[in-house]
Amino acid sequence: MQIRKPLLIIGTAVLIVACATNPFTGKKTMALVPNSQLFPTSFAQYNEFLNENKVIKGTKDAEMITRVGQRIAVAAERWLNANGHQSYLKDYKWEYNLVEDKTVNAWCMPGGKIVFYTGILPIAKSETGVAAIMGHEVAHALANHGQQRMSAGMLQQLGAVAGNVAIKDEEKRNVFNQAYGVGSTVGVMLPFSRNHETEADQIGLYLMAVAGYNPDEAAELWKRMKANSGGQAPPEFLSTHPSNDTRISNLIKWAPRAKEEAKKFGITSFRD
């Protein structure tokens, strides 16, 4: 008890002082690692990745990735400025690169460093499809999801340490470690990750609409993603991502709201 009480006090104090507010959702989020530390590390890792992979430059596809990325970034800045967050992007350094890789993927590192793999372009199918993916990935960066995942991982480790310190009996400690590992992953970390994906889906939909891209295409994109997966996906509760069907349903529901949001910025028609 003498050890557990200080650990509880420390953990509570950390949660109280190390919080940030997500401007898109208004929610308080964990920020145990400040962006002033996270961004430089992210930028260095991004440059290392580019040096180790084949970056495509000067093609129509590469130019499209940059063009769409810039439009989404401008949409984000317009939205943030209009909602009282004028300095939010001051430390972001946007960069968009197309990398030759058959993997069906795209990602955005903290601070705005984005990669599209060539393997995802056939499924994107069009510039609007690329915008749906770009909006989602940019949303992860804007909502500081990388920062939150790192913070959650640190708290997960703190809980494991606290349990091992408090439980003296070796057999009980082993049972705790097994139960804690499964319980904290399935019950906390995976739902946490799925929530991030859902947030990025919704924020990304709004961003693509404000950038002038038809948000209806996002659901169509995920229908193609579902077909490409061939139904090979784990149950949703064991996955870091919502199921394809959940995403499609959400995107269809949110598309009219995204169009209404775009109207606030004078966008009443969308690019093909």
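**Values set against definitions**

Visitor: What makes Asn244 a buried residue?

Guide: Asn244 has a relative accessible area of 18%, and a residue is called buried under 20%, exposed over 50% and partly exposed in between, with a 1.4 Å probe and protein chains only. The 18% of Asn244 falls under the 20% limit, so Asn244 is buried. This is a predicted model in which local features need pLDDT of at least 70 and side-chain atom pairs count only at pLDDT 80 or more, while totals for chains, interfaces and linings use all residues. Residues are numbered from 1 along each chain as its sequence is written, and side-chain values use heavy atoms, with hydrogens and water left out.

Visitor: Where does Asn244 lie, and which residues does Asn244 touch?

Guide: Asn244 belongs to helix 9, where a helix is a DSSP run of H or I with at least four residues, a strand is a run of E with at least two, and both are numbered from the N terminus. Not counting residues up to four places away in sequence, Asn244 touches Trp222, Lys226 and Ser229, contact being defined as heavy atoms within 4.5 Å.

Visitor: Why does Gly266 count as exposed?

Guide: The relative accessibility of Gly266 is 56%, and Gly266 therefore counts as exposed.

Visitor: Is Asp201 buried or exposed, and what joins its side chain to that of His136?

Guide: Asp201, found in helix 7 (residues 170-210), has 6% relative accessibility and therefore counts as buried. Its side chain and that of His136 are joined by a polar contact of 2.8 Å; such a contact is a pair of N or O atoms within 3.5 Å, where within protein one must be able to donate a hydrogen and the other to accept it, and residues adjacent in sequence count only if both atoms are side-chain atoms. Beyond its neighbours within four places in sequence, Asp201 is in contact with His136, Arg247, Leu251 and Trp254.

Visitor: How do you know that strand 4 pairs with strand 3 and with strand 6?

Guide: Two strands pair if DSSP finds at least two bridges between them. Strand 3 (residues 55-56) and strand 4 run antiparallel and are joined by two bridges, while strand 4 and strand 6 (residues 113-117) run parallel and are joined by five bridges. Leu98 in strand 4 stands opposite Ile56, and in strand 6 the bridge partner of Leu98 is Phe116. Strand 4 (residues 95-99) is mostly covered, with four of its five residues buried.

Visitor: What makes strand 3 and strand 5 edge strands?

Guide: The four strands form an open sheet of mixed pairing in the order 3-4-6-5. Strand 3 and strand 5 (106-109) each have a single partner strand, so one side of each is left without a neighbour in the sheet. Helix 2 (residues 35-52) packs on the sheet, touching strand 3, strand 4, strand 5 and strand 6, and its direction makes about 30° with that of strand 6; axes here are lines fitted to C-alpha atoms, for helices over the stretch in contact, with angles from 0 to 180 degrees between N-to-C directions. Helix 3 (residues 60-82) lies across strand 3, strand 4 and strand 6 and runs at about 150° to strand 4.

Visitor: How many aromatic pairs does the structure hold?

Guide: The structure holds seven aromatic pairs. Among them, Phe39 and Phe43 are 5.9 Å apart centre to centre, with 40° between the planes, and form a tilted pair. Rings of Phe, Tyr and Trp (its six-membered ring) pair if their centres lie within 6.5 Å, and planes under 30 degrees apart count as stacked, over 60 as edge-to-face and the rest as tilted. Phe39 and Phe43 are four residues apart in helix 2, which means that about one helical turn separates them.

Visitor: What makes the pair of Phe49 and Trp107 edge-to-face?

Guide: Phe49 and Trp107 have 80° between their planes and lie 5.0 Å apart centre to centre, which makes the pair edge-to-face. Phe49 lies in helix 2 and Trp107 in strand 5, so the pair ties together parts that are 58 residues apart in sequence. Both Phe49 and Trp107 are buried.
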